[in-house]
Structures are given as structure tokens and as C-alpha cells.
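Q: I'd like to learn how to read a contact between two chains. Could you walk me through one?

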Number of protein chains: 2
Amino acid sequence: MSTAQGARARARIEVTAAIKDEARRQLAAEGAVKLSLRAVARELGMVSSALYRYFPSRDDLLTALIIDAYDSLGERAEQAHEAGVEVGSLERWVAVCEAVRCWALDHPHEYALIYGSPVPGYIAPQATVPPAARVGLLLIGIVRDAHQGPGGLEELTAVPEDLRTEADRIAADLAPDLPSEVVAALVTAWAQLFGLVGFELFGQFNRVVEDRAPFFRHAVRRLGRGVGLR
Amino acid sequence: MSTAQGARARARIEVTAAIKDEARRQLAAEGAVKLSLRAVARELGMVSSALYRYFPSRDDLLTALIIDAYDSLGERAEQAHEAGVEVGSLERWVAVCEAVRCWALDHPHEYALIYGSPVPGYIAPQATVPPAARVGLLLIGIVRDAHQGPGGLEELTAVPEDLRTEADRIAADLAPDLPSEVVAALVTAWAQLFGLVGFELFGQFNRVVEDRAPFFRHAVRRLGRGVGLR
DNA sequence: GTCTATAACGAGATAGAC
DNA sequence: GTCTATCTCGTTATAGAC
């Protein structure tokens, strides 16, 4: 009985993976907007209604792809982080940023799915929030380590008056142990990192920046310095 | 005869504008991917073949919308620039960045069209390049003014060895009168600016940054400092 | 209980004959 | 320009195989 259940569970996992793989292929070909359950089913030799055993709706399939993408990116970034435990925090920061960039270049359509234009009519459920936070948490962790470690962080100038309250709130939310001007700089750097990646991926750097790897490395090193790393 | 031609020309301009307006409405409702000449025609009470007299293809209509969006954004940014001729260059930098953000918040779907995920199958023609460059040129201009004006720019550290050649090339291309480390910082800041705007617009700041105007102002002020403004 | 297949709905796009 | 026949889509109800 446990074998029968095991086989069924295994089959379910395999079919689920096959559906997502085919869906990712369609994502690359036509974009998230045109992702269709029927086309996925057709390509898999299934009937469309059968897919509803695996994904209650088209939007749930999209959600699964989004979560997978965030997790795939997060895993890659975390690997780069772990590989750099021995180097300085600024080098680790650069390594994580470079991992983000490389993942994006390897998975342009999934990158567009999670960091590009929102899909009209689709509303991301709460379940996407934790996977989406992984890269951000990693960057916070690097800065926290540097803050607590020997040498500490470079002192940053305080945030202006009109940002004080909001910066304190953000810091209390994300990293209560860090100075609020550092957390504000961190959130800024986090957004700017994806600005750099997006500009390269979406063609804004075409005929402007050609040799992109050193350009990116220099830019994210400056970002790291901007949050106080050294 | 010239009156008849004038009337015809006027009518053509009006119909062209009506087509683009309706297309922009569909852009907001369904996204660029699902923009269809047929649906636009239906909504305008025209027959689809009639539209081809105004736009030879769906892609040409898309191109027109993209150029309009870049021009609309560029105009807004240039207005902010001109309104700030009397203030310092850092304040003018901030004003232009805030104009970009405000335009994006006012035109989220057009922003997604030009700075979001590329539309699958659509390839932007060369005609989109000059309008797309307007904001970047404006930012270069601000830094150039500061460089040539009294006080000059803050000294930046040189770019690393592996970026030297590329930074020189970019500087020769975009602003031969500026030091190449400044131009590299400028291009970086340009991308990072749109990272900030995109994160706000595409929902990445939801439940993270709530009071966004002062946050953005502080972030772009730091960006301006990063290119040497003071 | 778990899955797949058939059929159908209403809405929308599309192609071609007229 | 118009009309129609034929496609697509998401989704559901239902029936039957394992």
C-alpha cells in the first residue's frame, strides 16, 4: 500500500514537473500573457481538463512558475554566498550580485516573469512573497555580518528629516539590528541591482555598454560600498 | 485644392491620434502582447483593413506607441530640467529623476512598454533610439554643466583595470569631454534610476517601502552624488 | 480516492468567401 | 466592407478506468 501510494506520488510529481517544463517553454516562446493550459496539455498529449488535477487554474500554474523562478534565483545566489564565506564581505556582496546577473542571463524569460512588467489580470498571491525575499535577505545578511564583524561598516550619513520615520519603520521591519540609514541604503541598492540587470537583459544597454561583465562588477562593487561595506 | 488637402491631412492626423489613443487603452487593459489591430478597429467602429492605411502592421503601431512614450517621458524630464536652471546641479538632477518617477506613476502601462519586459516577437527599429536616449542625454548634460561650471565635479576614483578600455569607449561615445570614470558612473546611475522606478511600479516595494517619495528623493540624491555632483 | 477523457459553455480571434 | 464558418481559450460537469 505504501508502495502504491509512493508510485502515485512519484507519478504526480513527474507530471507536475512535465507541465511546468512545458509551460516554461511556452513562456520563452510567447510570454506569460499567452501562456495557455490547453497548449500545454496539447503538447504533453493530455487533455486540457486533466491539467486541473495538478493546477486549479491557469493563474495557479503561473504562480508555481513564479515561485520556482524566485527559488531558482535564490538558490543560485545562496550558493554564491556560501562559496564566499572566507572572502571579505564586499567580495561576497559582489559575488551574490554577479550570481543574480548570471542567473538572469541564463533564464531571461523567467527573469522577465518575476522582475519585468506585471502580467495583466494576474495578482500574485502571498505565497510568492517568501521566495521573492530570498535575494534581499541574503544581501541584508552580508551587511549584518560586516556590521557585527571586525572592522564593522563604513559610517553613512544619516537619512534626511523627511525620511527618518519611514527609514526607521523599514529598518524595524527588515533588520532591527542595523542602523536605519544602512537599511535604507540596502533597499536602495537592492532595487538598483535589478535596474542594472534589467537594463542589460531588456536591451537598454545595446550599443551603449558592450563589455558588460566588468561594467557590472564595478557597478555592484560601488553599490556595496554605498551600503558601508569595505 | 489646398483646402481639401489640408482637411484631408487634418483628418488623417485625427484618425491617427484616435487609433493610438484606443491602442493605449488596450495596452492598459491587456498589455502590449495582446494589442491587436482588429480590436482597435472594432472599438473605433472601423474595419480592420482600414487601419492598415495608417499603420502598415501591428508592429508599426507598437513602434509609434513606444516612440510616443519615450517622447512623453523625455518632454516631462526636459521640462523639469528647464524649470531648474537656477538651482544647483544636484537639485536639478533630483528634479529630473523625480520627473521620471512621476511620469512613470502617471503612465504605468506606457512605462512597462518601454522599460518592462520586451514584447515577444517584436524588434524595436532604429527609429526608437533617439527618443529613448532623451533622458540619458539630459542626465549627461547636467553632469557636463557641473563639470564645466564653478566648483566642478567631485573627484571619482578611477575605474578598475579591466573596465578601463570599455569605460574609455563609452565615454568617447557619449561624452568625450567628461572623464571616463564619470561617464561609467553616469551610465550606472541611469540604469539604477530605472531600477528604483521599476521596483516601485511593478510592486517589488509593496509591503517594503510605503512612503516612497522621500525614499526615492534620497536615493536619487545619493545617485547624483555618486556621479560627482555636489 | 485519484486520475483521465468526453463534451460542452461562452467568449474571443481568425480566415476566407462573398 | 461584411458575414460566416472555424479556430482558440479557460473552465466546468460528468462519466468511467485504475
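**Reading the interface**

A: Happy to. In this structure, 51 residues of chain A are in contact with 51 residues of chain B. Keep in mind that this is a predicted model.

Q: How is the size of such an interface expressed, and how much area do chain A and chain B bury between them?

A: In general, the size of an interface is often given as the accessible area lost when the parts come together. Here chain A and chain B bury about 4,200 Å² between them, and 64% of that is on carbon and sulfur atoms. On the chain A side, the residues losing the most area to chain B are A:Phe199, A:Phe215 and A:His218, which together make up 13% of what that side buries.

Q: What about charged pairs: how many salt bridges does the rule find across the interface of chain A and chain B?

A: The general idea is that side chains of opposite charge can pair when their charged atoms come close. Across this interface the rule finds two salt bridges. B:Asp162 and A:Arg217 meet through their side chains in a salt bridge, at 3.1 Å from N to O. The interface of chain A and chain B also has 13 residue pairs in polar contact, with both residues at pLDDT 80 or more.

Q: Which helices of chain A each supply at least two residues of the side that touches chain B?

A: They are H1 (2-30), H6 (108-115), H8 (164-174), H9 (180-201) and H10 (212-226) of chain A. The largest share, eleven residues, comes from H9(A). Sorted by class, the side of chain A that touches chain B has 30 nonpolar, ten polar and eleven charged residues.

Q: How do I describe two helices that pack across the interface?

A: Two packed helices are described by the angle between their axes and the distance between the axes. Take H10(A) and helix H9 (residues 180-201) of chain B: their axes come within 11 Å and cross at roughly 75 degrees. From H10(A), the residues A:Phe215, A:Ala219, A:Arg222 and A:Leu223 meet B:Ala184, B:Ala185, B:Val187, B:Thr188 and B:Gln192 in H9(B). This contact of H10(A) with H9(B) involves six nonpolar residues, two polar and one charged.

Note on methods:
Residues numbered from 1 in each chain as written. Chains lettered and ligands numbered in written order. Predicted model: local features only at pLDDT ≥ 70, side-chain atom pairs only at ≥ 80, totals over all residues. Heavy atoms only, no water. Contact = heavy atoms within 4.5 Å. Buried area = accessible area lost by both parts, 1.4 Å probe. Salt bridge = Lys/Arg side-chain N within 4 Å of Asp/Glu carboxyl O. Polar contact = N/O pair within 3.5 Å; in protein donor to acceptor, adjacent residues only side chain to side chain. Helix = DSSP H or I, 4+ residues; strand = E, 2+ residues; numbered from the N terminus. Nonpolar A, V, L, I, M, F, W, Y, C, P; charged D, E, K, R; others polar. Axes fitted to C-alpha atoms, helices over the stretch in contact; angles between N-to-C directions.
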